[in-house]
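Here is a friendly walk through one model, from a hairpin to a sheet and on to some helices. Please keep the 3D view open while you read.

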Amino acid sequence: MQSVHTTALPPTVAPSRAARELELKRGEFDLAVMLGRVRTIGEVSSGQRRVSREEIERVRGAEGFPESLRESVRAVGTTEGAALMEIAPARLTRLARLGVVTPVKVYLNRYRAVVWLYLAEELRHFAESEVNRTLLTGRLPESMRRRLDEGQDLRARNWRGRYAGFLLRQADDAWERAAAMTSLLDPVQIAEIVKDPYERAYLNRLKPTPRTHGSPDSPGSKLLQKIMTADDPDEIRWLRSSLLIGLVQARAQRPAPRRGRQWVAPEPTLPAAKADPMGEDGTVPPGGAPSQEPGGLMRWLRRRRA
């Protein structure tokens, strides 16, 4: 009897293949991962994120796939977003500057102008809520207009808060969580907190690097790096305290590798599905730093705006 050979599918696939199987463009896939719509796991040998077969089947089995998945990660610019909300683009920009709505993505156009994108699903829900009706028509409250006149613009800070939540969800251990904080701080701030050069080198090795176009020294990359670096005093204090706490936890877990000491990568884990940190509940301990759970930064930022 002739034997039949079958080729087993790999237990995990690269992001590019996962995007194809989920019928997403690469940018849509990256956003789906950031928002927690698609979960990834770390691979020990390469240190790269991959997607399990079980996760692909879970997403493909959801009701309305693939249209519902695509719609959940649709990002729109100011003009299209304002049309969805039935308001003028200038009003959407003012609401974003005030921190009422939060960008989900940022990039530079061909003229090196900063372009903010918003989640269409969030804008639509915002506009449909009766609570927000007064913010969509008529004059904004005096307190809001005064902050705009003073130059308030929370778009970059709130985007960083959202991005920090994504980085914390992706982290597999305490050292990676600490490295996530360093990716949003100026190198001078990091050097003040992390005195040990071996620890700084290790954190730099683990620090997540966003997908960008152009060389690291190009004007566009430098501008994006500036957007990614905390510049608000309260935000910097939060990140510094989070890094200090993270270092204590990381050192208790294991020391940073030193010369002559081999580094052992942590075992990958498949995290449970979590909601976007924008929607999680929580409180900030009085007089202390916000929770280090992924939603902690966004909850803290909302309290600071109150």
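In the hairpin of β5 and β6, which residue takes a positive phi near 60°? That residue is Arg112, and the hairpin has five residues between its strands. Before going further, please note that this is a predicted model, in which local features need pLDDT of at least 70, side-chain atom pairs count only at pLDDT 80 or more, and totals for chains, interfaces and linings use all residues. Residues are numbered from 1 along each chain as its sequence is written, and side-chain values use heavy atoms, with hydrogens and water left out.

**The hairpin strands**

Helices (H or I, at least four residues) and strands (E, at least two) are DSSP runs, numbered from the N terminus. Two strands pair if DSSP finds at least two bridges between them. Strands β5 and β6 run antiparallel and are joined by four bridges. Tyr107 has Val115 of β6 opposite it.

**The three-stranded sheet**

An open sheet has its three strands in the order β1-β3-β2, with antiparallel pairing. The edges are taken by β1 and β2, each with a single partner strand, so one side of each has no neighbour in the sheet. Two bridges link β1 to β3, and Val13 has Val51 as its bridge partner in β3. Helix α3 lies across β1 and β3, at about 60° to β3.

| β1 | 12–13 |
| β2 | 41–42 |
| β3 | 49–52 |

**Helices**

Helix α5 (residues 78–85) packs with helix α6 (residues 89–97) at an angle of about 100°, their axes 8 Å apart. That makes the two helices roughly perpendicular, a term for angles of 65 to 115 degrees. Axes are lines fitted to C-alpha atoms, for helices over the stretch in contact, and angles run from 0 to 180 degrees between N-to-C directions. Where they meet (contact means heavy atoms within 4.5 Å), α5 brings Thr78, Thr79, Gly81, Ala82 and Met85, and α6 brings Pro89, Leu92 and Thr93.

Finally, Ala201 sits in helix α13 (residues 197–206). Ala201 counts as partly exposed because its relative accessibility is 47%. Its C-alpha atom is 8.9 Å from that of Ala256, 55 residues apart along the chain.

Note on methods
Parallel < 35°, antiparallel > 145°, perpendicular 65-115°, else oblique. Buried < 20%, exposed > 50% of the residue type's maximum accessible area, 1.4 Å probe, protein only.
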